Structures are given as C-alpha cells and as structure tokens.
Amino acid sequence: MDMAEPQGAAACANAEQAAEWDGPAGAHRTRHAAVFDAEARPHNERFRAAAGVSARDRVLDVGCGTGQTTRDAARAAVDGNALGVDLSAQMLDHARRRSREEGLTNVSFLQADAQVHRFPAASFEVCISRFGTMFFADPVAAFSNIGHALRRPGGRLVLMVWQARDRNEWTTAVREALAGDNPVPPPPAEGPHPFSLADPAVAGGILAAAGFAEISFTDVREPIYYGPDPAVAFDVVRGLRSTRDLLAGLDAGEADRAQDRLRATLAAHQAADGVFFDARSWIIAARRR
Ligand SMILES: C[S@@+](CC[C@H](N)C(=O)[O-])C[C@H]1O[C@@H](n2cnc3c(N)ncnc32)[C@H](O)[C@@H]1O
C-alpha cells in the first residue's frame, strides 16, 4: 500500500482489504463516482441529518471513499473542519479534486487504515462513516482506535451500515440472477464484508467493547439507485467485487448466461428515473464513554 504520508510498519492491518479498495474496487468506484454518490441518496439524507454536524465540529470521516460525506460535513462545520480517511489513493484523489472544485478550504484527506492509524488523541467531536466501517479485520481494535481520536467523554460516533443481506434486494436479486437454477453460493459468514455490522447484537457488542455507550439503531428503508438505465447499471453491478467473485467461479458459457440473466433483472428494475432496488440500512449512533 502506497501511503500518502509515512505510516510506519504497523500502519496497515487490513492488507487484503487494502489490495481490493486501493485496487479494482477503488478504480471502479472512482469511475462511477457520480452513480455511487447518487446510489444511496435517500439513505444519505437520513445519515446527514443524524450526523448533525455543528459549525465548530472537527469531523473524522472513516472510509470516506470519494468524499461526498466529508464535503457535506465540511460545509456544515463552517468554523471547524473535516478529515476523510480511506484506503484508496484513487478515490481520495477524486475527493481532493472535488473539494477544490467546490472551493472547500476546511477539508483534508488522508490515505490510512483507520484501524491502526495513530490519530491525535481526543481531536474530533464526531466521527461519521457511511458504509465504511464493515471491513475491519479486528473491529473492536478499530473502533477503540477511532474512539481514542474522539473527544472524551461524549464524542459522537454516527455510522451507516447495511442491515442483513436478506433484507437487501440490491444484493439478493443480483446473486439470484447470477446463480440462475444453481444454488446461490453462501456469502462469507464472518470476517470483513458489507454485512458484518448488520446484527445489532453483534455491532452493539463491538461498540460497547470498544468503549462506546448510548448505542442506538435507526431503521432506514429507502431504494438504492444503480444508474439511469440498465446498461449503466450493468457496468456498475458487474464491477462490484461480489459480482466479480461469483462470475470468476463459472466457465465462459455459464458466465455469459449469468450476465444475460443479470441484464434481465436490471431491466426489470428500470423505473421512469433509473434502475432501483429495495435496500435497508441502520444508522448507528453512540458516544464515547
Ligand atoms: C463501500 S465503500 C464506502 C465509501 C464511502 N463512504 C461512500 O459512502 O461512498 C467502503 C470504503 O471504506 C474504505 N475502507 C475499508 N476499510 C478501511 C480501513 N480499514 N481504513 C480506512 N478506510 C477503509 C474503503 O477503502 C472504501 O472506500
């Protein structure tokens, strides 16, 4: 991992995730940044309201990707600032460019592993993360490290994470389309993956063990958007890691048929203003003890 700042030998504890996010996933999300920014717009409106960033807040955005949420936070923190942290150099370059174009002067970005990066202690009022905290090899260590960076006591944590896979049509419909008449391959049961914080008992236990209290979960059910038409949606979905992994297990003929079924599913979800799937997330809020 080619860090933007000297990090020290122990600075990346998530090498497999870094290889993906600082590799093909980062390139894909940068190429389709406009779609991914629009993907979860209604979820994001709820998230931004829950984050409740105040004028003087110093905000840490973990797993900020191309930085939409960091820029939102910087605009709210008019007398404060926002720092976005991510594993992907390419997404951070995009985030910096967009921030310059928007004339934001109180925002910065850092390529680092939030699980182990040595943030200055108690240097943020609030940590936000939209879908950026489900990929830690050691979640208790990661949230403890993030908690160390928050003001004590009372520093706020506001996360958006996916609810269980079977509540998220955007993934079940794609997996079923790719599988066809074959059984849908079981997703990873544990370790870092998009649904690792879906169970409130698990996520709440991790946050409590990491030093957080007043932990709450708010149900958000809103559609997600995969693009203006099925062709763009296919390109977006085809580039997701889960799709790449499922197709990689098929021979060439099976892969062609699976992709045809995927195109048909995406076309069936075309509405007047784009391709949409049902989706459910949690907003998790907590405070540092
Ligand atoms: C699903 S993307 C979400 C990106 C962005 N927050 C958004 O909503 O568009 C997950 C992001 O988390 C980042 N990420 C994963 N593990 C991380 C870690 N240990 N430290 C920092 N960022 C991480 C990835 O690089 C990726 O950009």
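Helices (H or I, at least four residues) and strands (E, at least two) are DSSP runs, numbered from the N terminus. The model is predicted: local features need pLDDT of at least 70, side-chain atom pairs count only at pLDDT 80 or more, and totals for chains, interfaces and linings use all residues. Residues are numbered from 1 along each chain as its sequence is written, and side-chain values use heavy atoms, with hydrogens and water left out.

Serine 88 sits in the loop between strand S2 (81-86) and helix H6 (89-101). Its relative accessibility is 1%, so serine 88 counts as buried; buried means under 20% relative accessible area, exposed over 50%, and partly exposed in between (1.4 Å probe, protein chains only). Beyond its neighbours within four places in sequence, serine 88 is in contact (heavy atoms within 4.5 Å) with Trp21, Asp22, Gly26 and Gln111.

The ligand is surrounded by 17 residues, the closest being Gly63, Asp86, Asp113, Ala114 and Arg130; a residue is near a molecule or strand if one of its heavy atoms lies within 4 Å of it. By class, this shell has 9 nonpolar, 4 polar and 4 charged residues. Here Ala, Val, Leu, Ile, Met, Phe, Trp, Tyr, Cys and Pro count as nonpolar, Asp, Glu, Lys and Arg as charged, and the others, Gly among them, as polar. In the side chain of aspartate 86, an N or O atom is 2.6 Å from an oxygen atom of the ligand. For arginine 130, a polar side-chain atom lies 2.7 Å from a ligand oxygen atom. The protein covers 96% of the 590 Å² of accessible area that the ligand has on its own, with areas from the Shrake-Rupley method and a 1.4 Å probe; for residues, only the protein chains shown count as cover.

The structure holds 0 disulfides, a disulfide being a pair of cysteine sulfur atoms within 2.5 Å. The sulfur of cysteine 127 is 11 Å from the closest cysteine sulfur, in cysteine 64, and therefore too far for a bond. Cysteine 64 is buried at 8% relative accessibility, and cysteine 127 is buried at 0%.

Some backbone features remain. Phenylalanine 131, in the loop between strand S4 (126-130) and H7, has a positive phi of about 60° although it is not a glycine. This residue is buried, at 16% relative accessibility. Glutamate 214 is not a glycine either, and has a positive phi of about 50°; it lies in strand S6 (residues 212-221) and is exposed at 61% relative accessibility. A cis peptide bond, with omega about -10°, joins arginine 152 and proline 153. Proline 153 belongs to the loop between helix H7 (139-149) and strand S5 (156-162).

Conventions:
Polar contact = N/O pair within 3.5 Å; in protein donor to acceptor, adjacent residues only side chain to side chain.
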